[in-house]
Amino acid sequence: MISQSTIEKILDTADIAEVVGEYVNLKRRGVNLMGNCPFHDEKTPSFVVSPTKGIYKCFGCGKAGNAVGFIMEQNRLNYPEALRWLAAKYQIIIEEELVDSEEISKQKSEREALLAVYSFANKYFKDNLLNDEEGKVIAKSYLTERGIRDDTIEKFEIGYCKKGWTEFYNHATKNGFKPEILIKAGFIKQKEQKEENKKEEYFDVYRERVIFPIHDITGRIIAFGARLLKKDDKISKYINSPENEVYHKSKVLYGMFQAKKSIREKDFCILTEGYLDVITLSQNGIENVVASAGTALTQDQVKQIGRFTDNITMLYDGDSAGIKAAIMGTDIILENNLNVKIVVLPEGEDPDSFCKKSGGTAFEEYISQNATDFIVFKTRFLLKEGHGDPIKKATTIREIVETISKIPDPIKRSVFIKQTSTLLDTNEQILISEANRLRLKDNEKTYKKINDEFENLLSFNNDIENTNFNPDEDREKSVIRSIILYGNMPCIDDYTVVKYILEEIEMDNLEFLNENYGNILVETRKYFNTNGFVDEYFFKNNIITSQIASDIIIDSQKHLLSPRWLSDAEKSIKTDFDNYKKEVINNVNYLKLSHLNRLLNENSEKIKETKEQETLNELLQIQKNILELKSKLASFYGIIIH
Ligand code: ZN
């Protein structure tokens, strides 16, 4: 591999005009060179080379880049080949760097190594459970006692890790796995060294535990849950694999690989709390079961279920302490427009015990008879918790409405409002307006997102030299630039550019955020009001405007090439005389748009604060008007916003 210092030497030495000149007949045009583009057919030159900036750009086909890029394109070479070509041309000696290939493909190979070690370990653990004496006595008998059949053990690939301190470590290293990957995968840990000269020592983490492999949706093993069998209060009952390149626990549901077919067929998914719930239910013919083992339900998990069904049934033990926490975290399902039901098992039962006692068929019947819609369940639950306290009831109403407002579908929303208004013994209209208010608050976030995107779009469309740019400020700079470069030229009707800009800004009360540009505007207004025109001499020599004006004037003479083009060739910037009018109008409109966005934000703040329906209606009307104005402005740019 070519060393970085050689690459830099090549880039510094390669003269773009010379390199391109070997293939293209270039003619000087101001500070730049022009010729017919070698990459597309043309008769009038639109291919520009900037020797000072070391880059080229074709205004016809949009291709752009530096000398290396040109050679790659022209000679159909890859990057190192093009570098070597240029090195040969300029007689630069290439220093080769030995590459640590491990470093380069580290991430990829680490993924592969992890998947390999998980699959290897799983085979070993399974074998321990079924064929090893210790495994049979300790683990297999435990599972059998719990009524877990052999075919279920096979289906969920349950295994066992033996007691010995280094059983797995020895087996894995003998088979070529390095300690580093075993640590990363969570199988071993390093002992604390007591004596300095002692060699490194490792020990197995999952000792004496039943192993539940966690599969990804395609069936590959990406992690393990390891359950301790003996009672020991000093160590945790479950140990899970650490997160790494292949395992992100917020994206995985235990049992999904085995359950997905059944979830699709039955068109609902049962969500339980633990591995053994999934396994027992599945063994009893209820296969559409998954567990979010150890985490609160996440967006990713809900979306994964949503690929197979719209319906989730959450299953809780009769005495589950988790119910309250769970119902608080369930809005996430509603936001994804899935339907949620809750089933609570009889007091003292968990899925395992209940299923064993009554069998799969009775269990399914229980589920279908006791599944309560989540919102109704939550309402009842909170009312019960409140014991008729009116203040708590008000909080409950707010919480329920907030939950309902998360549902994207308006019809579903109105059904739930009707239902809960009865339960809550509260006027439906109050619930509706509260829900609308909350929806609006959420919409506001959406507006903001659209605005942001919109503004990005606009700012990218323009002549911004700064790489570290702020859309508003750069637009302000563009306005100042228009005044300085084209101030006295005609704009709209009999208005000059400077007159048009100053009047628009005054009429709409627009303000500049950047102080420097704002000050230039103030100076310009003073000068214009006295003289009726502006001129370059004034801008260059006025102490307040001098620095920025000089910058802008010199810049305008450096011609069209800006470094930004390199990153995005098609964003061509045309500030020539044919386009200046459009540019001026666009920039002024952009200032208006920013102003509208500020008004919109202020109004949204008021909407959030108001408690009165009448004021709310007024504010909503204002909001609507501003948005309409915005979309008019947007259509000026040929962009559709909602
Ligand atoms: Zn071209």
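Student: Is Gln369 buried or exposed?
Tutor: Exposed, because its relative accessibility is 63%. Buried means under 20% relative accessible area, exposed over 50%, and partly exposed in between, with a 1.4 Å probe and protein chains only. This is a predicted model, where local features need pLDDT of at least 70, side-chain atom pairs count only at pLDDT 80 or more, and totals for chains, interfaces and linings use all residues. Residues are numbered from 1 along each chain as its sequence is written, and side-chain values use heavy atoms, leaving out hydrogens and water.

Student: Which helix holds Gln369?
Tutor: Helix H16, residues 351-370. Helices (H or I, at least four residues) and strands (E, at least two) are DSSP runs, numbered from the N terminus.

Student: New topic. Which residues of H3 are buried?
Tutor: In helix H3 (residues 67-75), they are Ala67, Val68, Gly69, Phe70 and Ile71.

Student: What do they pack against?
Tutor: Helices H1, H2 and H4, plus strands S3 and S4. Contact means heavy atoms within 4.5 Å.

Student: And what comes just after H3?
Tutor: Arg76, with a positive phi of about 50°.

Student: Now the sheet. In what order do the strands of the open sheet run?
Tutor: S6-S9-S10-S11, with antiparallel pairing. Two strands pair if DSSP finds at least two bridges between them. The edge strands are S6 (159-161) and S11 (238-240), each pairing on one side only.

Student: How many bridges join S10 to S11?
Tutor: Three. Ala226 stands opposite Ile239 in S11.
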